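Subject: Structure handover and notes

Dear colleague,

I am passing on the structure we spoke about, together with my notes on it. Please have it open while you read.

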There are 4 protein chains.
Amino acid sequence: MNDFAEMNSTNKNMEERIEVCHLESDYNNGAHEAVLRHLIETNNERSQSYGDDRFSERARQLIGQACEAPEAQVWFLAGGTQTNATIIDCVLQPYEGVLCPETAHINVHESGAVEFTGHKVIALPSHDGKLDVGELRSWLSAFFADETAEHMVRPGMVYITFPTELGTLYTAAELTALHDVCQKYGLKLYVDGARLAYGLAASPDVTLPLLSRLADIFYIGGTKCGALCGEAVVFPRGDAPSHMLSRIKRHGALLAKSRVVGVQFDALFQPAGDVALNQPAVIVPLYLTLGRQAVSLAMRLRCLFVERLGYQPFIDSPTNQQFYIVPNADLDRLRRYIGLEVWCPVDASHTACRFVTSWATTEDEIAALEARLRTDLIGL
Amino acid sequence: MNDFAEMNSTNKNMEERIEVCHLESDYNNGAHEAVLRHLIETNNERSQSYGDDRFSERARQLIGQACEAPEAQVWFLAGGTQTNATIIDCVLQPYEGVLCPETAHINVHESGAVEFTGHKVIALPSHDGKLDVGELRSWLSAFFADETAEHMVRPGMVYITFPTELGTLYTAAELTALHDVCQKYGLKLYVDGARLAYGLAASPDVTLPLLSRLADIFYIGGTKCGALCGEAVVFPRGDAPSHMLSRIKRHGALLAKSRVVGVQFDALFQPAGDVALNQPAVIVPLYLTLGRQAVSLAMRLRCLFVERLGYQPFIDSPTNQQFYIVPNADLDRLRRYIGLEVWCPVDASHTACRFVTSWATTEDEIAALEARLRTDLIGL
Amino acid sequence: MNDFAEMNSTNKNMEERIEVCHLESDYNNGAHEAVLRHLIETNNERSQSYGDDRFSERARQLIGQACEAPEAQVWFLAGGTQTNATIIDCVLQPYEGVLCPETAHINVHESGAVEFTGHKVIALPSHDGKLDVGELRSWLSAFFADETAEHMVRPGMVYITFPTELGTLYTAAELTALHDVCQKYGLKLYVDGARLAYGLAASPDVTLPLLSRLADIFYIGGTKCGALCGEAVVFPRGDAPSHMLSRIKRHGALLAKSRVVGVQFDALFQPAGDVALNQPAVIVPLYLTLGRQAVSLAMRLRCLFVERLGYQPFIDSPTNQQFYIVPNADLDRLRRYIGLEVWCPVDASHTACRFVTSWATTEDEIAALEARLRTDLIGL
Amino acid sequence: MNDFAEMNSTNKNMEERIEVCHLESDYNNGAHEAVLRHLIETNNERSQSYGDDRFSERARQLIGQACEAPEAQVWFLAGGTQTNATIIDCVLQPYEGVLCPETAHINVHESGAVEFTGHKVIALPSHDGKLDVGELRSWLSAFFADETAEHMVRPGMVYITFPTELGTLYTAAELTALHDVCQKYGLKLYVDGARLAYGLAASPDVTLPLLSRLADIFYIGGTKCGALCGEAVVFPRGDAPSHMLSRIKRHGALLAKSRVVGVQFDALFQPAGDVALNQPAVIVPLYLTLGRQAVSLAMRLRCLFVERLGYQPFIDSPTNQQFYIVPNADLDRLRRYIGLEVWCPVDASHTACRFVTSWATTEDEIAALEARLRTDLIGL
């Protein structure tokens with residue numbers, strides 16, 4: 001029975017043999033050590049189920065505190081697409097649809113899970129993954145002035161991702177403007193935080209408490225941010241629809257052994273002492289710490305790609321997803337060292353590629369990558 | 001960083017303080033040690049996602065071997081209701097419904113998740129949780145003879161649970177008869193194996209290979225049988241509908257970090273040396289071993305309740321769910337020692353109660369319970 | 001308006017050639033003369049659409065008056081299954097289901113249209129087509145006492161048919177009791193009146209105003225009661241959900257040229273002078289008159305079958321659907337004279353058959369049938 | 001048939017009193033005289049139901065002949081949105097969506113009826129209401145090259161309207177190109193012919209037989225083209241999915257008294273002697289004749305607006321829907337004489353308006369309108 005220390009050393013050896021730095025996604029990993037440890041610590045305890053377990057309850061309280069939202073209601077679901085489809089369907093009236101930028105995950109990469117629940121996804125133009133609040137306002141103004149509106153799908157919600165699928169961020173001012181437009185037209189503002197840890201780490205002004213004041217619903221992504229699986233849906237004002245347990249179960253999204261996700265969020269929202277970066281002496285939840293580390297390493301990647309390799313950013317992302325325009329001539333060599341995702345062709349001789357750090361990316365990995373690339377591509 | 005040994009001792013102390021033997025369900029626990037250990041061992045490895053990870057792949061092979069079904073297709077989902085709703089909807093034609101006994105989980109306790117996907121659940125009489133093959137045959141014969149059949153929901157599938165919600169089991173002969181009726185009328189036979197480990201352990205003649213020959217689809221329950229979460233859906237003949245990934249994702253049931261369930265089933269289907277009971281020198285997967293232990297303890301419970309306490313069985317269950325008729329006068333005292341579920345009133349002075357063992361129930365727990373009850377209720 | 005006269009004479013000739021009296025259903029016909037005439041009269045007028053036409057508006061007012069329900073909201077849909085599925089889905093919360101007797105049309109003969117909208121149809125025992133209020137009360141009492149109720153489909157509505165699929169009727173007292181139970185448990189009472197004209201005609205104490213006080217929603221069937229097509233859904237207290245136009249259109253149930261049904265109900269709810277039977281000098285809508293005529297002829301059929309032919313009723317129906325036990329030896333001869341529907345075998349030598357009169361059945365047809373049967377079967 | 005004559009004279013008097021020429025839509029009317037007459041003629045005949053009536057059968061044969069598609073399967077539904085949602089859902093696999101131009105009726109004005117059935121509507125750019133085949137080809141090529149395609153909604157169908165919502169038409173060459181692209185990528189081509197009569201009348205080269213060769217499914221609109229209600233769905237190659245009756249009923253779209261629509265299409269597809277325009281001595285179905293008359297009057301309107309009033313077309317439509325840019329100064333005066341639909345503002349002093357002729361528009365109406373406008377607006 002290995003302990004964690006042994007395990008880590010074993011893995012470190014393996015890592016050395018495997019030269020590739022895996023930046024293809026932020027869900028190519030297991031769970032953060034603290035999450036695993038908490039699963040072990042609590043393993044022999046017996047508990048209630050279907051959300052009534054004490055671990056979920058404690059996680060809910062920690063999340064409420066981190067959000068400064070004492071009224072918050074929190075549900076734990078297993079994955080992101082499930083969360084989006086379930087929550088959107090639970091919150092919308094049957095005749096309502098959800099507005100989003102056309103690059104939104106629900107519009108592109110969820111195999112129609114929202115439409116499966118009977119709701120239209122109404123796509124507006126995307127600006128590097130973001131909705132423009134002016135365009136949204138104009139669209140809504142035109143919709144509600146249209147005499148045929150009752151024959152159209154009524155907008156009931158604005159869906160955004162923070163950070164977006166392209167790694168970009170809304171500012172606090174932009175979120176406030178979106179919130180105001182939603183209020184004016186009676187729409188819910190829903191924020192998909194699949195990568196919330198990385199967004200909060202990179203944002204100069206968006207925090208969990210701010211998000212809790214501006215969003216009607218948001219989810220705190222676990223799967224991509226340190227957990228084995230699981231997402232925490234937050235209704236910060238405690239105004240979720242009635243009978244949420246039935247609603248969630250009807251979508252197949254209620255975990256019998258709910259502690260599985262509860263324990264993980266209990267770990268992720270514990271105060272973290274070993275915070276990264278030069279930061280104030282504030283104790284923040286581990287969740288935020290994990291985001292900071294990944295963003296810090298993403299900035300080091302940016303430095304490597306832009307300053308050392310002279311690549312142009314494809315999108316200017318401040319978060320853990322980085323996009324660069326790679327000369328096709330470099331692509332094969334790059335792949336020898338990096339697990340990456342080809343994003344799209346740019347021109348005949350360049351390709352946009354995505355490089356993703358995560359809570360699991362280590363300083364050693366990035367340092368080794370820098371060393372290898374220096375030798376091979378940069379030729380020094 | 002505790003290792004497992006420490007952890008276990010800590011928990012053992014705690015267990016001693018807590019006198020209650022938790023028999024209220026088989027999902028009031030964490031995961032089997034081997035499952036947790038495998039999560040730890042594999043934690044630092046990077047992997048593909050959405051089912052393409054090597055852990056899921058290995059688990060699929062182990063399951064195929066255990067089922068003696070080399071053509072089998074296996075998908076890993078997060079929970080039981082999700083699995084039922086997703087698979088039933090994927091397999092049925094839109095105009096088809098699913099037949100089941102009226103006590104079936106899909107008919108009673110899934111908040112309408114199957115109907116949410118647009119399909120009717122057609123309930124036939126339940127005989128201690130089981131479908132009677134003769135009644136099924138008569139029903140189908142009448143349906144297909146009915147001139148108005150096109151105005152009715154066409155039966156496309158028979159759903160049964162093994163073991164049933166009441167702990168009972170179909171014999172191999174009964175499963176064969178169900179299979180034959182399904183074949184005759186062109187229906188799929190789908191077996192919900194949420195507690196399959198316990199059913200296989202208790203059955204004299206039903207095995208994974210037999211199930212693979214008789215069922216068109218079945219799922220191997222993980223959540224209640226040693227895993228933190230997850231179920232393995234098996235199409236033993238490899239004839240799943242096309243585009244299953246899209247279909248599953250559309251139901252919100254595709255895990256991005258699919259290894260979470262894959263690693264667990266990889267552990268559960270490893271050959272187990274430390275098999276319980278006096279059994280032949282066959283190496284069986286851990287999954288089956290876990291079932292045997294729980295059933296063995298359930299039989300010890302039966303002995304305690306029937307022979308020592310003189311309770312009548314409410315249902316004659318050979319599996320890990322036990323149902324007894326408890327005198328109301330005993331109920332409060334019993335609850336001091338046992339976490340149980342009140343099932344239903346029987347008469348003015350008796351109540352049927354459910355007692356559930358699981359892979360997590362220990363011999364020590366049951367021994368301690370026997371000792372306590374001997375002292376208190378039996379008065380010796 | 002003499003082409004009708006011509007037309008009738010032409011058809012009378014044809015009828016004489018065709019010896020068969022068509023009693024196989026109450027939708028084997030066209031429309032009542034007054035309905036056709038009103039379609040002709042209004043044909044060249046231009047009108048609004050989607051329910052805003054003046055014909056629909058006038059029909060709404062007439063229906064409101066006949067129901068003594070000045071607050072009533074009325075929608076016109078094209079057919080019965082569409083109406084049931086649309087209204088049930090519009091009124092229920094997503095997590096709710098609809099209770100009904102197991103013989104209910106929505107449970108048996110709508111190809112799963114209600115489940116298609118995502119709602120469970122929860123079948124209770126049927127007593128000659130009717131729900132027993134005591135059984136309903138017990139079921140509801142047990143449901144709301146069940147600790148697992150949130151995992152079950154919550155009952156949100158009681159659906160009954162008036163008259164039932166078996167031609168039977170609830171008394172005013174029974175409807176009142178159903179209403180009271182629904183009120184107590186917060187359920188809607190919805191009455192499917194596909195054959196309402198015949199039910200009202202046969203009932204000693206149920207009237208449109210009474211129905212409007214006791215039901216939350218009901219529909220006045222047109223298709224089987226004198227119209228070419230169309231049903232009028234009534235919310236007698238004007239408390240329909242918001243955005244009904246969008247909701248109905250989303251179900252594909254909004255007619256662009258809404259006047260088609262509106263004109264027909266405008267005709268059907270005109271005061272009728274030529275009322276059948278010996279009745280008080282009250283002017284009733286044509287709709288009720290049509291029902292009375294069909295029921296009167298059904299009673300003449302009953303006399304023929306029971307007193308002359310000595311057949312036993314299969315179900316004791318006071319309405320336009322009559323069910324008799326026919327000796328198999330008579331069946332072929334009977335079919336020479338009557339279009340009937342074989343209902344089900346009764347024993348080796350008897351078959352239950354359904355005979356349906358409608359607004360389109362004439363006294364002459366029944367008289368001719370009596371004459372023929374007298375000659376052939378009765379042998380006088 | 002003199003009541004029609006009477007009726008017409010009555011109405012003519014009324015028309016003289018009402019000065020307004022009603023061009024606000026093509027469903028502001030009743031039914032063509034021949035349709036009403038056939039409803040009267042057949043009214044007293046008894047018939048089968050649910051599509052098995054002899055009128056529907058005869059209409060199916062006439063449509064098959066007009067389409068030169070002897071294998072064609074034809075279903076009659078009540079309205080357009082219902083038809084689109086039902087047929088799209090019946091034909092698509094669950095994981096498939098439907099491609100269309102963003103102005104398509106299913107994307108804009110059906111209250112989300114297609115999404116209600118669980119399918120995504122995937123909007124491509126609209127060019128005056130039309131899909132560009134080059135853009136479609138590029139989109140499909142990119143989709144099927146995308147490595148994440150399984151996570152996206154797979155395109156299963158191309159939906160177009162003929163004529164489009166903006167009155168425009170695809171040429172035979174464009175339809176052929178669309179057909180070829182669909183074939184290449186395994187998509188169905190579905191043509192919404194809500195206004196098909198007007199499209200066929202205005203097209204130089206698209207005919208029912210051509211449409212039957214190029215489209216996999218199309219519907220022949222009745223509601224806007226001479227019927228009281230009803231649309232005829234054609235699968236020209238007889239390859240509709242199995243169990244269509246159940247599928248249609250499940251959508252609430254099966255008419256019990258199916259003859260209602262069958263009789264109307266039986267009338268509309270009778271050979272018409274009194275064909276409009278200078279055309280060859282070919283006997284065409286009444287349906288096509290009705291379209292020609294409306295288009296002819298629309299061209300007369302165009303002449304009036306463009307040549308007399310000097311208005312610019314907003315869209316260059318050859319069909320019964322005409323769109324002109326009206327100076328705001330003229331708008332009120334215009335409305336005194338014409339029922340029109342304001343389409344959208346063009347600039348500060350101009351508004352685009354829609355003027356729709358139909359089978360019900362008469363030469364007299366247009367002549368009177370010309371006279372009035374000449375006096376008032378043109379000032380001569």
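The notes below take the chain interfaces in turn and then some local features.

Please keep in mind throughout that this is a predicted model.

**Chain B with chain A**

The contact between these two chains draws 57 residues from chain B and 57 residues from chain A, and the area buried between them is about 5400 Å², with carbon and sulfur atoms giving 58% of that area. Across this interface there are 2 salt bridges, and one pairing of this kind brings together the side chains of A:Arg46 and B:Glu365, at 3.2 Å from N to O. The interface of chain B and chain A also holds 26 residue pairs in polar contact, counting pairs in which both residues have pLDDT 80 or more. On the side of chain B that touches chain A, the elements that give two or more residues are α1 (4-17), α2 (33-41), α4 (80-91), α6 (113-116), α11 (244-250) and α12 (259-268) of chain B; α1(B) gives the most, with 7 residues. Sorted by class, that side of chain B has 21 nonpolar, 22 polar and 14 charged residues.

**Chain D with chain B**

Here the contact takes 17 residues from chain D and 17 residues from chain B, and the buried area is about 1700 Å², of which 49% comes from carbon and sulfur atoms. Within chain D, the residues that lose the most area to chain B are D:Tyr95, D:Glu150 and D:His151, which together make up 37% of what that side buries. How many salt bridges cross the interface of chain D and chain B? The rule finds 0, although 12 residue pairs are in polar contact between the two chains, again with both at pLDDT 80 or more. Helix α11 (residues 244-250) of chain D supplies the largest share of the side of chain D that touches chain B, namely 5 residues, and the residues of that side divide into 6 nonpolar, 6 polar and 5 charged.

**Helix packing in chain C**

Helix α7 (residues 133-145) of chain C packs with helix α8 (residues 172-185) of chain C at an angle of about 10°, their axes being 10 Å apart, which means that α7(C) is roughly parallel to α8(C). From α7(C) the contact is made by C:Val133, C:Leu136, C:Arg137, C:Leu140, C:Ser141 and C:Phe144, and from α8(C) by C:Ala177, C:Leu178, C:Val181 and C:Tyr185. By class, these residues divide into 8 nonpolar, 1 polar and 1 charged.

**Salt bridges and backbone**

Over all chains, the structure holds 56 salt bridges. One of them joins the side chains of A:Glu370 and A:Arg300, at 3.0 Å from N to O; because A:Glu370 lies in helix α15 (residues 363-378) of chain A and A:Arg300 in helix α13 (residues 286-308) of chain A, the pair ties together parts that are 70 residues apart in sequence.

Most residues other than glycine have a negative phi, and most peptide bonds are trans. In chain A, a cis peptide bond joins A:Phe162 and A:Pro163, with omega about -5°, and A:Pro163 lies in the loop between β5 (154-161) and α8 (172-185) of chain A. In chain C, a cis peptide bond joins C:Phe162 and C:Pro163, with omega about -5°, and C:Pro163 lies in the loop between β5 (154-161) and α8 of chain C. Finally, A:His243, a residue other than glycine, has a positive phi, near 55°, and is found in the loop between β8 (231-235) and α11 (244-250) of chain A.

With best wishes

Conventions. Residues are numbered from 1 along each chain as its sequence is written. Chains are lettered from A and ligands numbered from 1 in the order in which they are written. Side-chain values use heavy atoms; hydrogens and water are left out. Contact means heavy atoms within 4.5 Å. Buried area is the accessible area (1.4 Å probe) that two parts lose on being put together, summed over both. A salt bridge is a side-chain nitrogen of Lys or Arg within 4 Å of a carboxyl oxygen of Asp or Glu. A polar contact is a pair of N or O atoms within 3.5 Å; within protein, one must be able to donate a hydrogen and the other to accept it, and residues adjacent in sequence count only if both atoms are side-chain atoms. Helices (H or I, at least four residues) and strands (E, at least two) are DSSP runs, numbered from the N terminus. Ala, Val, Leu, Ile, Met, Phe, Trp, Tyr, Cys and Pro count as nonpolar, Asp, Glu, Lys and Arg as charged, and the others, Gly among them, as polar. Axes are lines fitted to C-alpha atoms, for helices over the stretch in contact, and angles run from 0 to 180 degrees between N-to-C directions. Angles under 35 degrees count as roughly parallel, over 145 as roughly antiparallel, 65 to 115 as roughly perpendicular and the rest as oblique.
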